[in-house]
Amino acid sequence: MIIGIPKEIKNNESRVGMTPAGVMELVHNGHTVHVQSGAGAGSGFSDDDYKKVGAHILDTIGQVYTLSEMIVKVKEPIREEYDMVQKGQVVFTYFHFASSQRLTQAMIDSRAVCIAYETVEDSDGTLPLLTPMSEVAGRMAIQQGAKYLEKPKKGRGVLLGGVPGVPPGRVLVLGAGTVGIQAAKMAAGLGAHVTMLDINMKRLRYVNDVMPSHVVTEYSNEYNIRKHIRTHDLIVGGVLLKGARAPKLITRDMLRCMRPGTVIVDVAVDQGGCVETTRPTTHENPEYIVDDVVHYCVANMPGAVPYTSTLALTNVTLPYVLNLANKGWEAACAADASLKKGLNIVDGQVVYSEISEAFDLSARVLV
Ligand SMILES: NC(=O)c1ccc[n+]([C@@H]2O[C@H](COP(=O)([O-])OP(=O)(O)OC[C@H]3O[C@@H](n4cnc5c(N)ncnc54)[C@H](O)[C@@H]3O)[C@@H](O)[C@H]2O)c1
């Protein structure tokens, strides 16, 4: 198969859909890989790195789309790319169709085969191509939170680890899922006192078993949240109700109970956020202040650390890419129920019911 790796052109996106390690695997399997010149630069890979393992370097994004049977990338195609996507071409990337009718219509019109990373789903309901980005965002939440707790950033002026003779900072983590556990781990590593809240007792038991004793668990309810927001310096929002908007666990009136300079990092912002005052921000302007509480609500946190995020993402996407290239999309999806769940739009038809429901379109059922 001929596989194309375009350079991401979405604002502030420096990740790339394939590393030289991936190209090497594909070439060893007899495939041809076209990489757009400069595609890997933001993640630390030069054109030469790709060439050394057998990639063909192409000058323009147009050439990559025209000459490839399968496009592997990171973010959804943006408007400039809509007309480049070809009939029958496989496009394997994050799409998040339900959030854009324009993109959905463009991909229907293209008659391409759109396989979305975010809906590839294992039999236990986990989303293997989303997990690594949650891991990155959870760890980053503490890094960012620690920075915004500094006084020049309008935070409380608290050092999370404390120092001898001075108690450490206090971190409240809402949700003990992937984001929550990674955040708790980082905060605990810095020496902070960590409180984790969840409604899933299995998760709380697990946290209790594996975390050090300065990470404590409590059941998540309004009473406990109101109690803890008064005394914690950094609050991380990592809750998720699958397929739904995040519950508003912190309402606007609660901000007045927090001490001035408290920092909220609402990682769940991409699902609407678990704080009523959350609104999506960008890496250019990541934070804003409401009632003296600093809010950091960047919707694509992993984009700020492309060296790490590209490797974390491509580690998990490559096996699927290899399967698609070796078998073709129909046989690969027939043989792998997880990958089949990734099919969103095929030859002008929506085949994923949540997308058709979002836009009142009819969905074809795949058998
Ligand atoms: N901003 C970003 O850049 C970024 C990056 C990655 C992930 N995310 C988002 O972070 C969020 C969390 O992702 P995840 O992978 O950790 O999800 P997850 O499913 O692993 O964990 C979510 C946890 O929230 C818990 N929960 C549900 N309702 C709760 C409540 N009322 N109180 C406390 N806990 C509750 C669940 O029991 C679960 O343990 C998602 O919205 C995800 O899309 C954002």
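Predicted model: local features only at pLDDT ≥ 70, side-chain atom pairs only at ≥ 80, totals over all residues.
1. Next, the ligand. There are 32 residues around it, and the ones that come nearest are Ser 134, Ala 137, Gly 175, Gly 177 and Ser 220. As for the make-up of this shell, it has 19 nonpolar residues, ten polar ones and three charged ones.

2. Which helices and which strand each supply at least two residues of that shell? Look at helix H6 (131-148), helix H7 (178-190) and strand S8 (193-198).

3. Now for a helix pair. Helix H1 (residues 20-28) packs with helix H10 (residues 306-327) at an angle of about 20°, and their axes are 10 Å apart. Angles under 35 degrees count as roughly parallel, so that is how H1 runs relative to H10. The crossing of the two is right-handed.

4. If you want to see who touches whom in this pair, H1 brings Gly 22, Glu 25 and Leu 26 to the contact, while H10 brings Thr 314, Leu 318, Val 321, Leu 322 and Ala 325. Sorted by class, the contact of H1 with H10 has five nonpolar residues, two polar and one charged.

Conventions
Residues numbered from 1 in each chain as written. Near = placed C-beta within 6 Å. Helix = DSSP H or I, 4+ residues; strand = E, 2+ residues; numbered from the N terminus. Nonpolar A, V, L, I, M, F, W, Y, C, P; charged D, E, K, R; others polar. Axes fitted to C-alpha atoms, helices over the stretch in contact; angles between N-to-C directions. Parallel < 35°, antiparallel > 145°, perpendicular 65-115°, else oblique. Left-handed = near helix turned anticlockwise from the far one by under 90°. Contact = placed C-beta atoms within 7 Å.
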